[in-house]
Amino acid sequence: MPGQLGNSPAGVVSFNDLQGLFKEYNTQLNSRPIDAQNINEMLCWVRRNVRADETIFPVSFWSNTPKKRNRYEQRKHTPPELVNFSCPTDEYSPDGEVIPRGTQLTDLHGIFESKLPEITQLGLLEPEVRLAAMLGLGNDAAQGVQVYDGLPYFNTAKLINPNRPGLGTFSNYRAGLTLDRAGINAAFQALDEVKGPDGRIYRLPGRKVLVVSTESQLDRATSEINGTIIARAVGTAAAGISNTLVGRADVVKFPDLVDYDGGKGWYAFKIVSDTYKPFCFSEVAPPELYMNGMDPNEYGRVLRNAIEYGYSHFFGHGYLWPQLGLKAVEP
């Protein structure tokens, strides 16, 4: 998750140079390095400087399987098959704050200097909050629907190939699955045995990621994934044996998920490459601070004799490959 900002950059601008202060923080918003624990970057194909309200991705689906042929046989050819993924974008901005000019405090620079670190942090965290909603509502029949097959992203009957419904379905949603060794193995097996567009096992390389909602889930998941020795009953005694799950996945706690599924949701994902991921993140513009009313000729100052300030962020998320994700909810 993005960490707290370091020391205030206000020392590099002159006293009461508010334009310089805002410019300095906007520079940080544009160039701030990504934290290794940034879940948005981990799970999403990230696209910057997008110029569209919504992007539709037509993806080729090769579903013709090899057949034994007679050497004199004329091969049949079929039209290309495509499926669509979608990633819409929207602008997100809270209500700003206003300082009436008539009651303006003398130390405006100090007011903004104390406010801007928090505002900046909130702007950077907004994509994480929206991603948590995508996961938490990904099985919702109204809000989690995917263009791919018209079903919720997490569903018990996802179409293997929307162009060929006869190939069957797969499940990437498991209600009542406990986050323990057996549950983790079941989730990993589901990711490894999911079928591709030709109806065969979708053999994809990649690193697995477990995403959990609470400290209790984190404790159990890390014990299973990171512990080198685990306790197992042998007759009436207990013995330590080598942990075969160790190192097979990364474990991440996503605190925002506690608002969904009563904090009982947990997820398994497969990250194949920088672009082949479960979700998409499209950013039209990075988060940006604004200020209006410092100049006597500015709109807000002329009409309201006030200074207004806040931030906005223009981005969106989209569901991509359902074959790369599984949602479970504990009983």
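## A buried lysine

In this predicted model, Lys-277 sits in the loop that runs between strand 13 (265-271) and strand 14 (279-292). Lys-277 is buried and yet takes part in no salt bridge, since the nearest side chain of opposite charge, that of Asp-274, is 4.8 Å away, while a salt bridge requires the nitrogen and the carboxyl oxygen to lie within 4 Å.

In soluble globular proteins, nonpolar side chains tend to be buried together. The largest nonpolar core here has 25 residues, and among those with the most contacts inside it are Leu-43, Leu-131, Leu-135, Val-211 and Phe-254. At least two residues of this core come from each of helix 2 (39-43), helix 3 (108-136), strand 9 (207-212), strand 13, strand 14 and strand 15 (306-319), and helix 3 gives the most, with four residues.

A second, separate core of 18 residues includes Ala-187, Ala-221, Ile-225 and Ala-268.

## Salt bridges along and across the chain

Side chains of opposite charge can pair when their charged atoms come close. Across the whole structure, a search finds 13 salt bridges. One of them joins Arg-48 and Glu-283, whose closest N and O atoms are 3.0 Å apart, and this pair links distant parts of the chain, with Arg-48 in the loop between strand 1 (44-47) and strand 2 (54-60) and Glu-283 in strand 14, 235 residues apart. Arg-48 is partly exposed, with a relative accessible area of 39%, whereas Glu-283 counts as buried at 9%.

Glu-126 and Arg-130 also meet in a salt bridge, at 2.8 Å from N to O, and because they are four residues apart in helix 3, about one helical turn separates them. Asp-250 pairs with Arg-207, the closest N and O atoms being 3.3 Å apart, and here strand 12 (residues 249-253) holds Asp-250 while strand 9 holds Arg-207, 43 residues apart. Finally, salt bridges that share partners join Glu-41, Arg-48 and Glu-283 into one network.

Technical notes
Residues are numbered from 1 along each chain as its sequence is written. This is a predicted model: local features need pLDDT of at least 70, side-chain atom pairs count only at pLDDT 80 or more; totals for chains, interfaces and linings use all residues. Side-chain values use heavy atoms; hydrogens and water are left out. Buried means under 20% relative accessible area, exposed over 50%, partly exposed in between (1.4 Å probe, protein chains only). Lys and Arg count as positive and Asp and Glu as negative; His and the chain ends are not counted. A nonpolar core is a set of buried Ala, Val, Leu, Ile, Met, Phe, Trp, Tyr and Cys residues joined through side-chain atoms within 4.5 Å.
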